[in-house]
Structures are given as structure tokens and as C-alpha cells.
Amino acid sequence: MTSKDVPTERSNGELINNQGTSIDSKTVDESSNKVKDVGNAQSSISTRESGALSTKPEQDIINKIVARYGNNVEVLYVRPSRMKIRVLPENMISIAGFIKENFGFDHAESVSGTDYPKDNQIEVVYHIGSYTVEELIPKILALSTRTNRDEPRLPSLISIFPSVEYHERETYEMIGAYFEGHPRMERFLLPEDWADIPPLRKDFRIKGR
Amino acid sequence: MLKDLVNPTNFNLMVGKLGDVLIKAFDMPLGYAINWGRIWSLWPVHLETACCSVEFGAASGPRYDVERFGIIEAFGSLRQCDLIVVQGTVTRKMAPRLRMVYDQMPEPKYVIAMGACAITGGLYIDSYNVLPGIDGIVPVDVYVPGCPPRPETLIQGCMLLQEKIKRSKIR
Amino acid sequence: MTDFEQKVDETMKMGLQIVKETEEDRLMTLSVGPQHPGSGHFRFTVKVDGDYIVYCDPDPGYVHRGEEKMSEYRNFIQNIPHLERPVIHDSNNITYSYSLAVEELVNIEVPRRGQYIRALASELNRQVYTLYWLAIYGIFLGHSTMFMWPTGDRELFIDLLEALTGARVTHAFNIPGGVRNDIPEGFKDRCLRQIAYFEKRLVEYEDIFYNNPLFRQRTEGVGTLSKEDAIRLGVTGSVVRASGVPFDVRKVEPYDIYNEIDFKVQYMKSGDSFARSMVPFFDMRESCHIMRQLLDKMPPTGEVRTKLQPNPKGPAGESYKRVESGRGALGYYIISDGSPKPYRVKISVGSFRNMLALPFLLIGSKLGDMPSIYWSLNYWPVEADR
């Protein structure tokens with residue numbers, strides 16, 4: 001890899017994987033270009049946080065994942081202590097099992113869903129961390145996937161990371177994404193008589209705004 | 001002369017005046033005594049909501065001691081309380097339960113709306129799950145503004161409620 | 001058998017048949033409802049078989065105010081007042097994490113004196129929160145001294161915070177870029193005196209509250225969470241530290257100036273309710289050491305805030321930052337699309353993650369242990385509902 005301080009995976013707005021070729025999967029579209037990396041300018045802030053400028057351990061992890069899965073994985077950014085990859089919904093369970101067994105990531109910190117109405121997609125991001133492996137404790141791997149907005153169905157990761165149980169229920173009622181395999185997919189925080197669309201969608205407007 | 005006294009109009013007048021004298025002698029002190037008992041033993045229901053519960057807890061603490069006014073948070077059941085302090089935001093999920101709690105209290109009962117969220121919805125006026133004030137659910141006696149109100153403000157609100165009770169007729 | 005024994009046998013068989021009960025009759029459903037002598041609105045349903053709990057189902061959402069949706073309609077600075085209300089008594093930590101994430105998006109740096117003041121306010125808030133937690137623990141266990149003493153001591157810390165920020169509980173002190181104002185004169189001496197007084201008080205707390213045989217009986221061995229289960233369920237904060245995992249965000253991923261402060265992570269190995277009650281107490285003691293070092297090492301002069309444009313915005317991107325709050329790792333995931341308002345704000349709170357341990361621990365334990373298990377999990381309903 002290059003010897004820049006914070007190697008980015010992005011150049012000229014195109015998405016590239018480690019082998020240097022651009023990925024042509026169905027999840028690439030214009031909105032992902034918006035999620036640009038502000039990596040280079042941030043090294044001054046990152047130093048005071050983690051004290052480490054190099055991202056070699058994170059890069060190693062990403063290299064191993066890409067070596068195993070090749071084109072099915074899209075690397076979005078690699079920053080100090082934070083990595084983000086994007087996969088297709090069908091491959092979620094196998095990739096999650098792979099990172100649990102090979103690296104030692106063992107719990108999910110949060111599950112969030114975002115609505116992108118312009119591309120007609122919903123993105124669900126799992127932030128996964130580790131409590132057991134010493135080198136991985138400060139790092140967080142963000143595993144994200146995109147699915148169609150009108151029929152959002154995703155496999156549930158509850159068999160691999162049992163800590164996502166309540167998070168997935170909340171994502172279901174807030175954004176509308178249905179997780180298949182979850183034992184209890186019901187509303188959780190909203191009132192029992194909620195009859196409107198899921199609140200975090202962009203076409204749900206708060207009154208008066 | 002006795003015949004003059006005991007004719008109908010005079011008799012009615014005499015009975016009327018006797019009734020007035022009796023009311024002044026017994027009804028007012030009795031009402032005063034009953035109201036005095038109610039004022040100095042207002043027991044609130046333990047209904048902690050979102051944020052203002054922190055200041056209510058601080059008001060029950062040793063510095064802003066609200067127990068000297070007789071307001072003890074009765075940890076027993078709500079069937080023996082006569083004050084409900086709605087502290088903070090009431091959401092749409094909580095609203096039927098608030099009404100149920102209010103209905104279960106025995107008469108006479110009083111309601112204090114504490115905090116901006118209980119009065120008009122406050123900071124969360126444009127949230128999808130928050131009621132704009134509790135006026136539509138329970139009849140409120142005293143409004144205590146603030147976000148959250150300081151414990152001294154809450155105590156002043158309780159004293160206003162005491163004034164209101166003093167002036168009311170016993171039911 | 002003799003005649004007599006035969007008769008006894010027949011009678012006993014008849015008696016047992018008359019009183020036979022079905023499986024469903026044995027269970028009773030209790031709804032520990034949204035109004036209960038605890039804190040906040042949280043409902044959970046338990047089914048009990050005699051004295052043992054066999055089923056538990058939490059039902060949050062009674063204080064769900066829609067913070068994440070509201071954040072999309074306000075710009076980065078306007079979000080501070082309503083984002084600090086989920087945990088009103090620990091408000092500096094929840095805005096600390098938000099400020100760190102926004103600073104990464106907008107790409108500004110905070111001056112050193114501002115960082116020290118931020119950390120000082122955060123530690124003061126940690127003390128205030130833990131004392132409130134201890135006070136409500138007293139209400140749960142029916143120990144009224146445990147309610148009165150921490151509430152009184154908490155007022156002294158709130159006085160310090162009021163001198164620093166101007167408000168008792170809702171400070172709005174941390175903003176993206178630093179803190180709002182500098183510390184007043186004489187604050188450092190006041191703070192040091194308060195810390196010295198409080199350390200003596202902590203010795204008394206340990207004697208009266210923790211060395212109490214009744215408290216120990218009610219909490220030792222109750223609701224044990226083993227290390228593997230704690231990791232599998234993904235709990236955080238003092239719950240995971242009480243089960244043997246020394247995870248403290250200030251140590252593993254130091255933010256701001258925490259890599260210059262010397263302190264130890266407090267953890268215990270037993271994982272029962274008693275350990276979960278002791279770890280916050282040790283945290284308070286450690287926090288006193290941290291505050292002394294912060295007051296020592298603070299640069300004597302300097303700016304406290306980087307001034308921002310009226311509508312700050314940065315390039316499109318995303319950021320995930322976390323901070324150690326009173327309840328655990330509090331993370332913010334903010335996505336921005338280049339406009340002054342965030343596109344998506346996701347708050348990952350410690351209470352929501354710890355809620356998963358509640359049914360796991362309650363099932364199989366006695367009904368009388370429910371208060372100590374529930375409150376030792378450090379669950380604050382308003383924060384979990386956001």
C-alpha cells in the first residue's frame with residue numbers, strides 16, 4: 001500500500017478496492033460518493049485521540065477480508081480505529097461469521113438504519129467491537145449493507161451476535177427494514193396504536209417543519 | 001307582644017338569623033380545620049417522568065427539604081395520595097396510563113404540572129410522540145414553569161396550591 | 001399393608017386429586033407498570049411461579065421523545081439543548097460525545113485549556129450521576145439514609161457546577177469547538193476543598209452502606225453475570241466491568257487529553273449484584289484522583305473555544321465517536337451530507353445495551369431480588385428511549 005498517513009480508498013470519487021479495480025456491484029451508486037472520506041485532513045485530530053498515526057493493523061484486517069471475499073466486499077474507508085465495509089445482503093451472515101471466528105469481534109455496539117430516498121435505498125450499519133482480543137478492543141468495524149426501499153428485507157445477525165436483538169427491533173420500527181430470522185419482529189418503542197409510516201423515513205415530516 | 005314576635009315573617013327572620021349565627025360559629029372553623037389538615041399533608045404520587053424527576057428528588061433531599069411542608073413521597077400505594085405532580089414530558093404512550101393513575105386517586109385530589117413539557121410540550125413541541133401539555137387529560141391546579149424548575153420554584157408552587165386549598169369550600 | 005394404612009393411603013390419594021392444579025394455574029403475571037416507586041417510566045412483565053420468575057419481557061418506550069428525528073431539523077449547534085435532556089443529570093457526557101463527532105466532521109480543533117475544562121466538567125458530572133444512582137438505590141431497597149446522604153452531598157457538587165456553567169442540571173456547556181466560558185476565579189480552590197471533603201465522606205459511605213450485612217445479603221450472589229455471558233450480550237459500563245472485563249473508553253481509546261492522565265480501570269470479577277454496586281463506588285474514588293490531576297495540569301491561560309461560523313458545516317462524511325459516561329460507552333454516529341443540518345444522528349446508549357441483560361438475569365431468580373438486580377444494571381429509562 002502507499003505510505004500516506006491515512007490511506008484512503010477513494011480517489012476522484014470512485015470506489016476502488018484493494019486490488020485497484022473499481023467495483024461494479026449493484027450497490028454502487030451516486031449517493032455513496034457523498035459519503036466521502038475526510039481522512040487526510042484529520043490526522044491532526046486523530047493524533048490526540050489514539051496516539052497512532054498508522055493504520056496498519058486496520059489495513060491488515062481489511063486485506064484479509066478482501067482476500068477471502070474478493071469482489072463481494074467494498075471497502076469504504078480505513079481510518080485510525082474505524083473501518084467500514086459494505087456487502088450485499090445475501091453475504092451478510094457468512095461475512096459476519098468470518099469476522100467473528102477469525103478476528104474475535106464479539107458484540108455489536110449499535111445498529112442504525114438510514115433512509116436514502118434519492119437512490120431508493122435503505123442502509124443498515126452494524127458497528128461491531130471486541131471485548132476479548134487485546135489489539136482489537138479500541139477498534140470498531142462498521143458492517144453495512146444496502147437494500148431496496150420498497151421491500152427492505154435483510155437477514156438477521158442474531159445467530160452470530162446475540163447482542164443485536166433489541167437493536168434490530170428498534171431499526172424495524174423506526175425505518176421499516178424487516179430482519180428475517182429474528183424471533184420477535186415487533187414494535188418496541190413506539191406506542192401500540194402507531195398507524196403511521198416508520199418515523200425515521202424522510203417522507204415523515206414533523207408537524208410544522 | 002308575644003303574638004307580635006311569633007307571627008310568620010318575624011319567625012322566619014329569627015330562624016334565618018339564627019342559622020347565620022350557627023354557620024358563623026361552626027361551619028367556618030370546621031372548614032378551616034379540615035382545610036388545615038389537607039394543606040399540611042399533601043402526599044404526592046410517585047410518578048417520575050423524564051427530566052424533572054431529578055429536581056423533585058433534590059427537593060426531597062436534605063437541602064430543599066419539602067418534607068417540612070408535609071409532602072412526603074409515600075412509597076405505598078397511590079390509593080392514599082391526594083396530589084399528583086406530573087413531572088416532565090408526557091408521551092402518547094404514557095397518556096392513558098396517566099389518566100388511569102389519576103382516576104384511581106381518591107377525592108379531593110390536586111394536580112401540579114411541573115416543567116415546561118407538562119405545560120405546553122416545552123422543548124419537544126415538534127416531536128411526534130409528545131403531548132402538547134397535559135391540560136387535555138387531567139385538570140391542572142398549579143403550573144410550575146422551568147426547564148427544569150429549581151426546587152425552590154417547586155416549593156413555591158406547592159405553597160400556591162396551599163393558598164388555593166385554603167380558600168376553597170370543603171366538598 | 002394393614003387396614004389402617006390402606007385407609008390412610010386411599011384418603012391421601014383422594015385429597016391430592018381434589019387439589020390438583022394445572023400448569024397454567026401456577027403462573028401469575030405481574031406487570032411492573034410504568035408508575036412504580038422507582039425511577040422513570042419503564043414497564044416490564046414478569047410471570048412468577050410461586051416465588052421464582054420464569055418469564056420477563058421489557059416494554060420500554062414510555063418516554064420516547066424522538067430525539068433522533070428532531071436532530072435532523074436543527075443545525076449542529078441548535079441540537080445541544082435537546083440532546084442533553086435524555087440524561088439530564090449526566091448532561092456533560094452526552095454532549096461531549098456529540099461535540100467530538102461534530103468536530104471531526106467540521107474539521108476543527110479544540111484548544112488545550114478547553115479540553116481540560118471539558119474533562120473536568122465531565123468528571124464532576126460523573127460524580128453527580130453516581131450519587132443520584134446511589135440515592136435511588138436507597139429508595140429501591142428501602143434504605144432512607146442511602147437516599148438522604150447522597151442527595152445532600154450531590155448538592156455540593158451541583159453548587160460547583162452552577163458556579164462553572166450557570167445552571168444546576170442542564171448546562172449546555174459543551175459545544176462543538178470547546179466550552180462556552182472559562183472557569184471563574186477561586187474555582188480551583190473550591191474544587192480542591194470539595195474533593196478533600198468528599199474523599200473523607202466516601203470512607204463513611206463504605207462503612208455504612210457497603211459493609212452493611214443486610215445490603216450484602218441482598219446483593220451478594222444475586223443475579224450473577226458470567227464473563228462469557230457479559231461479552232455475548234454486549235453489555236457495557238459498570239456492568240461489564242463488574243464481570244471481569246476491564247473496558248473503559250477513557251483508557252482503551254483516550255479522547256481529548258485522557259492519554260495524559262494517569263488512572264487505573266476499576267473492575268471486579270464476581271459479576272453479581274454486589275460487584276455491580278461496588279464498581280461505581282470505586283469509579284467515584286478514581287474520579288477524585290483524576291480531578292486533582294486535571295486541576296494540576298491545566299494550562300493557566302489560553303482560549304477555551306474555537307469560534308465557529310454561525311451555521312457550521314463540513315464536507316459530506318460520517319463519524320462515530322464514543323465517550324465513557326456514567327452508564328457506559330455512549331456513542332454517536334453522525335452522517336452529514338454537506339449541509340448545516342445533520343442527515344442522520346444515531347445515539348448508542350449504555351442503557352439500551354444493558355437492557356438485554358435484564359430478562360437474562362431475572363429468569364430463574366426470586367421475586368424479592370428484582371429491585372436489586374434491576375437497579376444494579378444501571379438502567380435509566382429516559383436514556384434508553386431517547
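Lys84(A) and Glu318(C) are joined through their side chains by a salt bridge, with N and O 3.1 Å apart. The model is predicted. Between chain C and chain A, the count is nine salt bridges. Chain A also meets chain B, where the count is one salt bridge.

**Chain C with chain A**
- Chain C contributes 56 residues to the contact, and chain A contributes 54 residues.
- About 5000 Å² is buried between chain C and chain A, and 52% of this area lies on carbon and sulfur atoms.
- Tyr73(C), Glu318(C) and Tyr320(C) account for 14% of the area that chain C buries against chain A, more than any other three residues.

**Chain A with chain B**
- This contact draws 14 residues from chain A and eight residues from chain B.
- The two chains bury about 890 Å² between them, with 49% of it on carbon and sulfur atoms.
- The salt bridge links Arg97(B) to Glu192(A), whose closest N and O atoms are 3.1 Å apart.

**Two helices in chain C**
- Helix α8 (residues 187-210) and helix α13 (residues 273-297) of chain C have axes that come within 10 Å and cross at roughly 160°.
- Because angles over 145 degrees count as roughly antiparallel, α8(C) is roughly antiparallel to α13(C).
- The crossing of α8(C) and α13(C) is left-handed.
- Residues in the contact include Leu192(C), Ile195(C) and Glu199(C) of α8(C), and Phe281(C), Met284(C) and Arg285(C) of α13(C).
- Sorted by class, the contact of α8(C) with α13(C) comprises 15 nonpolar, two polar and five charged residues.

Definitions and conventions: Residues are numbered from 1 along each chain as its sequence is written. Chains are lettered from A and ligands numbered from 1 in the order in which they are written. This is a predicted model: local features need pLDDT of at least 70, side-chain atom pairs count only at pLDDT 80 or more; totals for chains, interfaces and linings use all residues. Side-chain values use heavy atoms; hydrogens and water are left out. Axes are lines fitted to C-alpha atoms, for helices over the stretch in contact, and angles run from 0 to 180 degrees between N-to-C directions. Helices (H or I, at least four residues) and strands (E, at least two) are DSSP runs, numbered from the N terminus. Angles under 35 degrees count as roughly parallel, over 145 as roughly antiparallel, 65 to 115 as roughly perpendicular and the rest as oblique. A crossing is left-handed if the near helix is turned anticlockwise from the far one by less than a right angle, and right-handed if clockwise. Contact means heavy atoms within 4.5 Å. Ala, Val, Leu, Ile, Met, Phe, Trp, Tyr, Cys and Pro count as nonpolar, Asp, Glu, Lys and Arg as charged, and the others, Gly among them, as polar. Buried area is the accessible area (1.4 Å probe) that two parts lose on being put together, summed over both. A salt bridge is a side-chain nitrogen of Lys or Arg within 4 Å of a carboxyl oxygen of Asp or Glu.
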